[in-house]
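Here's a quick briefing to read alongside the structure. Have a look at the model first, then go through the points below.

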Amino acid sequence: MRVTLIRSGQVFAPEPLGQRDVLVVGKCVAAVAEPGSVRIAGVEVEEIDAEGLCLVPGLVDPHVHLLGGGGEGGPATRAPEIRIEDIVSCGVTTVIGCLGTDGVTRHLVSLLAKARGLEAEGISAFMLSGSYEVPVTTLTGSVRSDLVLIDKVLGAGEIAISDHRSAQPTFEEIARLAAECRVGGMLAGKAGILNLHVGDGSRGLELVRRLGEETEIPRWQVLPTHCNRNRQLFAETVAHVRAGGWADLTAGLEAQDDGVSVEEAVRLFRERGVSLERVTVSSDANGSLPVFDASGALVGLQVADQRAFFAAFQRVARLGGDGLAAAATVFSTNAAKLFKLPGKGRIAPASDADLLLLNGDLEVVHLFALGRRVVENGAVVVCGTFSVGREAHA
Ligand code: ZN
């Protein structure tokens, strides 16, 4: 079993613990201790000098189009699959995959295989059942049974609301889906989260609000995403989080008209006295960023990637005050908590050894995924099965 001692880094667990030695045994953290206090004999130990580096939990990205999303401009606009190198180079060690607009040529069985493939390549990967449309497509006949029977399924999503690309679901349809997530999650011993894609439509969070007011389903069961895509939606989101709801922000949306950057959103939550404990951030990576004109015609298309996610993490960490602790909380700990991923999002004895080591410029120096180094001295050292350059790492 691999034993690694990471010496004298500044540990953010995510709360700042000061300078600590972190002992990694196999896939887990075995100890977080005063520098120099860990004594090991009889086994070979790799030591890493982390003096001058910060350690945070590996980032958790709860909304990734692992197979690629898009397709809104026809078959040639289907976005490509994500690669393990893309993920780990951005400090991410856990992903939750989803389909998107296209639930016809993209399939949940392929998404399940992709999640399993990424896990075989070294990171932790999960998935959501369904796509934009309602009624939902599932693996086993219902969201409830997908949650119970398929280990990787953590909920349903992304189901589209308030969007011209949605299936125009009624309140009753969304309430029924939230109930499937609720009961399926309970039976499976999982979170059972309903992840709602919120579009630019003027109805905004209306359905989410009604779920909180008109059903018995707890507010945490529903995670609306893209909540910073315009200022009106973001204003609704602040009220929603204040009232006890959860919200997911998408990195990179400031590039769109009227979008709010993640760091500005964090600043505005703080200014308005709203806790960040129910706020997550995701990349939407390998989804498309289509641009439609006023008549609904597609006029532009880009692909989202996790570099925008990591850049947003750095900018939140630079906000000052408890910057890095806050960044680790909203980019890792909160999603791990909401999706009930034991071992993720924390640096503590018995947690998974998903550890991100950053230098003073907040660049990735080392990354451990389940105890294995996947980035070393700033270079990605894990390779996808069919990646060019595989021989170099064999
Ligand atoms: Zn979406």
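Along the chain, the donors of the zinc ion follow the spacing E-x38-H-x28-H; donors here are N, O and S atoms within 2.8 Å of the metal (3.2 Å for Na, K and Ca), and since water is not among the atoms, sites may look incomplete. Keep in mind that this is a predicted model, where local features need pLDDT of at least 70 and side-chain atom pairs count only at pLDDT 80 or more, while totals for chains, interfaces and linings use all residues. Residues are numbered from 1 along each chain as its sequence is written, and side-chain values use heavy atoms, with hydrogens and water left out.

**Zinc site**

- The zinc ion is held by Glu158 (OE), His197 (ND1) and His226 (NE2), at 1.9 to 2.2 Å.
- His197 lies in strand β10 (residues 193-198) and His226 in the loop between β11 (222-225) and α6, so the pair ties together parts that are 29 residues apart in sequence. Helices (H or I, at least four residues) and strands (E, at least two) are DSSP runs, numbered from the N terminus.
- His197 is buried, at 2% relative accessible area, and His226 is buried too, at 4%. Buried means under 20% relative accessible area, exposed over 50%, and partly exposed in between (1.4 Å probe, protein chains only).

- In α7 (residues 262-271), the buried residues are Val262, Glu263, Ala265, Val266, Leu268 and Phe269.
- Their cover includes α6 (231-242), β12 (247-250), β13 (279-282), α8 (306-317) and α9 (323-338).
- Just after α7, Gly273 takes a positive phi of about 70°.

**α7 against α8**

- The two helices, α7 and α8, pack at an angle of about 35° with their axes 8 Å apart. Axes are lines fitted to C-alpha atoms, for helices over the stretch in contact, and angles run from 0 to 180 degrees between N-to-C directions.
- Val262, Glu263 and Val266 of α7 meet Ala312, Arg315 and Val316 of α8 in this contact (heavy atoms within 4.5 Å).

**Cysteines**

- How many disulfides does a search of the whole structure find? The count is 0, with a disulfide being a pair of cysteine sulfur atoms within 2.5 Å.
- The sulfur of Cys98 sits 13 Å from the closest cysteine sulfur, in Cys181, which is too far for a bond.
- Cys98 is buried at 1% relative accessible area, and Cys181 is buried at 0%.
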